[in-house]
Amino acid sequence: MSLVRAKKHLGQHFLKDESIAEQIAFSLSGKNSKVLEIGPGMGILTKYLFKNSAINEIKVVEIDQESVDYLNQFYPELKGNIFREDFLRMDLDKVFDSPFAIAGNFPYNISSQILFKVFENKDKVPELVGMFQKEVAQRVASKPGSKVYGILSVLLSAYFDIEYLFTVDEHVFNPPPKVKSGVITLRRNEVKKLDCDEVFFVRLVKTAFNQRRKMLRSALKPLGKSFEDIDPELMTKRAEQLSVEEFIYLTQKLQ
């Protein structure tokens with residue numbers, strides 16, 4: 001069977017560099033013996049996940065039938081463990097019966113949605129290692145005060161320790177993307193539950209960043225709440241200046 005054709009509408013860019021695939025596979029902490037790989041394509045990362053002795057069960061989700069056929073032919077050890085579906089619509093309860101890590105060279109066009117889904121399933125997915133468009137990776141790993149700090153930075157860092165590992169050049173892909181990539185890890189921290197209503201916390205963070213250039217007292221007006229009990233100095237800040245703890249404080253005051 002010939003190589004799989006990269007399909008633009010699926011955002012496919014196949015990694016060619018084996019050493020990068022190996023680095024990603026061995027960036028997993030080893031604390032989670034079960035791994036779901038998203039979008040394995042022709043299995044360059046899959047191969048090194050199988051070589052990582054800390055992992056004893058690997059499943060993959062791949063929407064592209066041509067890639068599924070390729071994996072079935074060249075990775076017989078995946079037999080029965082390939083989900084041919086869209087990860088974003090997938091019921092993660094049916095993947096493994098206990099928590100698992102996620103790995104992947106993620107399609108750029110759905111990478112933020114993948115991260116939102118991991119956030120929603122944070123108790124099932126205690127760890128993620130993967131490659132994103134560099135801008136997305138930097139945004140997720142950024143700290144308060146950074147120009148790229150945003151909604152995902154806050155939501156994910158509330159529950160995960162996030163680390164930007166390394167940058168990947170365009171030429172190691174086929175076809176090469178127009179942008180550089182970045183590899184990050186997310187590892188669940190000790191927080192089991194926030195000291196506030198999580199649903200309102202998410203709403204507040206999204207509202208604050210919807211008008212990120214405005215001071216909070218203007219940006220948060222759509223919530224229809226009174227700011228009387230809140231430190232007035234805090235309300236003169238912009239969303240990108242607030243830590244997770246300050247967003248939790250605001251949620252407690254406003255919920």
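This is a predicted model: local features need pLDDT of at least 70, side-chain atom pairs count only at pLDDT 80 or more; totals for chains, interfaces and linings use all residues.
I started at phenylalanine 132, which comes out at 0% relative accessibility and so counts as buried (buried is under 20% relative accessible area, exposed over 50%, partly exposed in between, with a 1.4 Å probe and protein chains only).

Residues are numbered from 1 along each chain as its sequence is written, and side-chain values use heavy atoms, with hydrogens and water left out.

**Rings**

I looked up aromatic pairs next and got a count of six. The rule takes rings of Phe, Tyr and Trp (its six-membered ring) with centres within 6.5 Å; planes under 30 degrees apart are stacked, over 60 edge-to-face, the rest tilted. Phenylalanine 132 pairs with phenylalanine 106 in a tilted arrangement, 4.9 Å centre to centre and 50 degrees between the planes. I checked where they sit: phenylalanine 106 is in the loop between strand 5 (101-105) and helix 4 (111-120), phenylalanine 132 is in strand 6, and they are 26 residues apart. Helices (H or I, at least four residues) and strands (E, at least two) are DSSP runs, numbered from the N terminus. Phenylalanine 106 is buried, at 2% relative accessible area.

Tyrosine 149 and phenylalanine 209 make an edge-to-face pair, 6.1 Å between centres and 70 degrees between planes. Tyrosine 149 lies in the loop between helix 5 (134-141) and helix 6 (151-159), phenylalanine 209 in helix 7 (residues 198-210), so this pair ties together parts 60 residues apart in sequence. Both tyrosine 149 and phenylalanine 209 are buried. I also noted that ring pairs join Tyr149, Phe209 and Phe247 into a cluster.

I then traced the open sheet: seven strands, order 4-3-2-5-6-9-7, mixed pairing. Strand 4 (82-83) and strand 7 (160-168) are at the edges with a single partner strand each, so one side of each has no neighbour in the sheet. Two strands count as paired if DSSP finds at least two bridges between them.

Strand 3 (residues 57-61) runs parallel with strand 4 over two bridges, and valine 61 stands opposite phenylalanine 83.

What about strand 9 (residues 181-188)? Seven of its eight residues are buried, so strand 9 is largely enclosed by the rest of the structure. Strand 6 (residues 127-133) pairs with strand 9 in the antiparallel sense over seven bridges, with methionine 131 partnered by valine 183. Strand 7 is also antiparallel to strand 9, over eight bridges; there I found aspartate 161 bridged to arginine 187.
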